[in-house]
2 protein chains.
Amino acid sequence: MDNQMLPFEQKEYERRVEATRDRMRDEEIDALLIEDPANMNYLTGYDGWSFYVHQMVVITRDGDEPVWIGRGQDANGARATTWLSEENIRAYSDDHVHSPYDKHPMDFVAKVVKELGYGDQRVGVEKDAYFFTAKAYERLQQHLPEAEFVDADLLVNQVRLIKTDREIDLIREATNISEAAMQTGLDAIEEGVPESEVAADIYETLIAGTEAYGGDYPAIVPLMPSGDHTGTPHLTWSDRPFADGDPVILELAGCRHRYHSPLARTAFVGDPPQEVHETAEIVIEGLNAALDAAEPGVTAEEVEEAWRTTIAKYDLEKESRIGYSMGLGYPPDWGEHTVSLRPGDTTALEPNMVFHMIPGIWFDDFGFELSETFRVTETGAERFSDFSQELFTK
Amino acid sequence: MDNQMLPFEQKEYERRVEATRDRMRDEEIDALLIEDPANMNYLTGYDGWSFYVHQMVVITRDGDEPVWIGRGQDANGARATTWLSEENIRAYSDDHVHSPYDKHPMDFVAKVVKELGYGDQRVGVEKDAYFFTAKAYERLQQHLPEAEFVDADLLVNQVRLIKTDREIDLIREATNISEAAMQTGLDAIEEGVPESEVAADIYETLIAGTEAYGGDYPAIVPLMPSGDHTGTPHLTWSDRPFADGDPVILELAGCRHRYHSPLARTAFVGDPPQEVHETAEIVIEGLNAALDAAEPGVTAEEVEEAWRTTIAKYDLEKESRIGYSMGLGYPPDWGEHTVSLRPGDTTALEPNMVFHMIPGIWFDDFGFELSETFRVTETGAERFSDFSQELFTK
């Protein structure tokens, strides 16, 4: 076994498993089946690009260690990246993969659940986790007819909400990478340069990282809507060259051991019209008002309210949340899907919660976006990056 | 609307929709709900990093155009990247996203299906598509109690199996990027250089592309298991420096308009032992035997058999498929999940099917892998890349 790869001490993983068990007890769940790759990593360390096939981590009420279940060729990856003992690494044969034989990985998972003695117990599943498909659930129900299934979606995500100091340190390392990549991107944007070239430079920096350490792949690719497309936040780059008069929004995240530190800034190619400057000022003011509002005991919706109140002074309003809890993640998302900074979310902030706050204002022909990743401290909020908050002109 | 972004002519999309309808008729499906992002792109052109929230394309028995359903802030992306008319772009409000209000995007999808008049018809869903979760299906069933749901998993993927010449051209363009990135990677690998630095160089080339065009993000990150880890195919890079005596497997893919051309080669840092050379020769011989066997009418399992027979001469065997149909894709996979080159798959090859054949042999302390993306021609098989098939020493 090769546990030097683990970014945390074993006792930290054990703490996470116990915190998960506490929640399982609250929900009277006897066995929890986890397919979310971030949750699998959080509890066992497992890290590999193998989530394109079904895989699972099982936490049982009475077991000591989690059980990893995956494809045969990934069992070595589990040995290399997790703290689990050999008996808790269970692999299914390759004829279960995209199978023409009516075999499904969940047939094997169901068998393991039975062997562990939980086939007729209350079994929690993450009903809205990305890779836990309708068919995966059907197969489990079919093979475990005596189990009582309950929705345990976001159960582990809730455990992830408050970070340890070591997790904060990894997000700080990711921040150094984010800042380097942002600077690379801003330097590369120029009239006539294709978007793909700027994206290439940004990617190079995201992965090469800093002098001290390299970067991991981010859960979301760098997004850089520009020109007419600043109102299409999830469009990826093309070969279009930047043109004079283009607003360009850059949203990216450095990543260390799967922990992210997203950062967004806006640039303008050429001389920005006065209204772009004005919009930038409003967004900067609104974001900082929201940051100032964040402290332990304040609710998620109160943070958003500080933003909303600020921009309302300028007769502006914006639908949609302005931020979300995040940290550990795999494609397609670094968000944790738990707490959001938006009306109706009454979660009270606690120290070491980490959010990505990304407000923006879009008009028909331009948009301005600015973001900060911040942690809640004992007395307020601390942003990870000190990258200048301004409209960058190129 | 801004349809210059479409990589295919509108009539090609219409052909794809009609081919999908043919299969729907065969299965007596009245409305097909598609959440696989590659299938959404295939039918409508939709391209954005928005698959981290639920979204859908609906094809109805009698409708003209597909209907795109997604998040409000992604509707502009649908306007920019699809050929659909405004009335067929339907957006749900942001309070459906990771909602604390017991709202789910499928509540909205169900409403649209009803409005289209298919709420009490046979509705096909892709039961094992990555982002079609157990909860998504439950919500649809709940809101469409009179619908009869049928499994339409891989229905559109089957339509994708045979490529048009334009699709082949895009895979050729992707191949030029793959070759450049492979050369970059091989040039960068050196004793003492961290894996992350090599990964950064590869990524830069994958996105910068060639003189003529840039690259898109690949559906799978470059994989580069090395040293002891050549038997862990899906481990991603770390900061470990390459060491003398390391075998290094590089698997990567250039991407153009979401079409991939994967390529894998193996390098060795320092002077490879004789057994590594011998293994390389066997894999090269086996792969080419399988390539030689591929032609129209030959079955997928017969192609694999040519590989298996070849390595058996050297008393070797290997469990698991050696290749799969592929092309268009989004993270986490470029594979199409239909035809595999393995025992039991009796699909007869047809011209313009495209496969990634990736056989390899792994021992305890090293592995050798080599891959080719190839298309079936009228008379045989043509590999896209002419990158040298050898053991690269560094």
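Leaving aside residues up to four places away in sequence, A:Thr266 touches A:Pro247, A:Val248, A:Ile249, A:Ala280, A:Phe368, A:Glu369, A:Leu370 and A:Leu391. The model is predicted.

**The surroundings of A:Thr266**

- A:Thr266 is part of strand S8 of chain A, which covers residues 259-268.
- A:Thr266 counts as buried because it has 25 C-beta neighbours inside 10 Å, and a residue needs 20 or more to be classed in this way.
- A:Trp68 is 198 residues from A:Thr266 along the chain, and the C-alpha atoms of the two are separated by 43 Å.

**The nonpolar core**

- In soluble globular proteins, nonpolar side chains tend to be buried together.
- The largest nonpolar core in this model has 246 residues.
- A:Leu32, A:Val58, A:Ala290 and B:Ala290 are the residues with the most contacts inside that core.
- Not counting residues up to four places away in sequence, B:Ala290 touches B:Val303, B:Glu304, B:Ala306, B:Trp307, B:Ile322 and B:Met357.

**Helices H1 and H2 of chain A**

- Two packed helices are described by the angle between their axes and the distance between the axes.
- Helix H1 (residues 10-26) of chain A packs against helix H2 (residues 37-44) of chain A at an angle of about 120°, and their axes are 7 Å apart.
- H1(A) and H2(A) are therefore oblique to each other.
- H1(A) contributes A:Tyr13, A:Arg16, A:Val17 and A:Thr20 to the contact, while H2(A) contributes A:Tyr42, A:Leu43 and A:Thr44.
- By class, the residues of this contact between H1(A) and H2(A) are four nonpolar, two polar and one charged.

**Helices H9 and H10 of chain A**

- Helix H9 (residues 274-293) and helix H10 (residues 300-312) of chain A pack with their axes 8 Å apart, at an angle of about 150°.
- H9(A) and H10(A) are therefore roughly antiparallel to each other, and H9(A) passes H10(A) in a right-handed crossing.
- On the H9(A) side, the residues that meet H10(A) are A:Ile282, A:Glu285, A:Gly286, A:Leu287, A:Ala289, A:Ala290, A:Asp292 and A:Ala293.
- On the H10(A) side, the residues are A:Glu302, A:Val303, A:Glu304, A:Ala306, A:Trp307, A:Thr310 and A:Ile311.
- The contact of H9(A) with H10(A) comprises nine nonpolar, two polar and four charged residues.

**Helices H9 and H10 of chain B**

- In chain B, helix H9 (residues 274-293) and helix H10 (residues 300-312) pack at an angle of about 150°, and 8 Å separates their axes.
- This angle makes H9(B) roughly antiparallel to H10(B).
- The crossing in which H9(B) passes H10(B) is right-handed.
- Residues of the contact include B:Leu287, B:Ala290 and B:Ala293 from H9(B), and B:Val303, B:Trp307 and B:Ile311 from H10(B).
- Nine nonpolar, two polar and four charged residues make up the contact of H9(B) with H10(B).

**The contact between the chains**

- In chain B, 63 residues are in contact with 63 residues of chain A.
- Helix H3 (75-81), helix H5 (134-143), helix H8 (195-208) and strand S10 (333-341) of chain B are the elements that give two or more residues to the side of chain B that touches chain A.
- H8(B) gives the most to this side of chain B, with eight residues.
- The side of chain B that touches chain A has 29 nonpolar, 20 polar and 14 charged residues.

Conventions:
Residues are numbered from 1 along each chain as its sequence is written. Chains are lettered from A and ligands numbered from 1 in the order in which they are written. This is a predicted model: local features need pLDDT of at least 70, side-chain atom pairs count only at pLDDT 80 or more; totals for chains, interfaces and linings use all residues. Two residues are in contact if their C-beta atoms, placed from the backbone, lie within 7 Å. Helices (H or I, at least four residues) and strands (E, at least two) are DSSP runs, numbered from the N terminus. Ala, Val, Leu, Ile, Met, Phe, Trp, Tyr, Cys and Pro count as nonpolar, Asp, Glu, Lys and Arg as charged, and the others, Gly among them, as polar. Axes are lines fitted to C-alpha atoms, for helices over the stretch in contact, and angles run from 0 to 180 degrees between N-to-C directions. Angles under 35 degrees count as roughly parallel, over 145 as roughly antiparallel, 65 to 115 as roughly perpendicular and the rest as oblique. A crossing is left-handed if the near helix is turned anticlockwise from the far one by less than a right angle, and right-handed if clockwise. A nonpolar core is a set of buried Ala, Val, Leu, Ile, Met, Phe, Trp, Tyr and Cys residues joined through C-beta atoms within 7 Å. A residue is buried if 20 or more other C-beta atoms lie within 10 Å of its own, exposed if 12 or fewer, and partly exposed in between; C-beta atoms are placed from the backbone.
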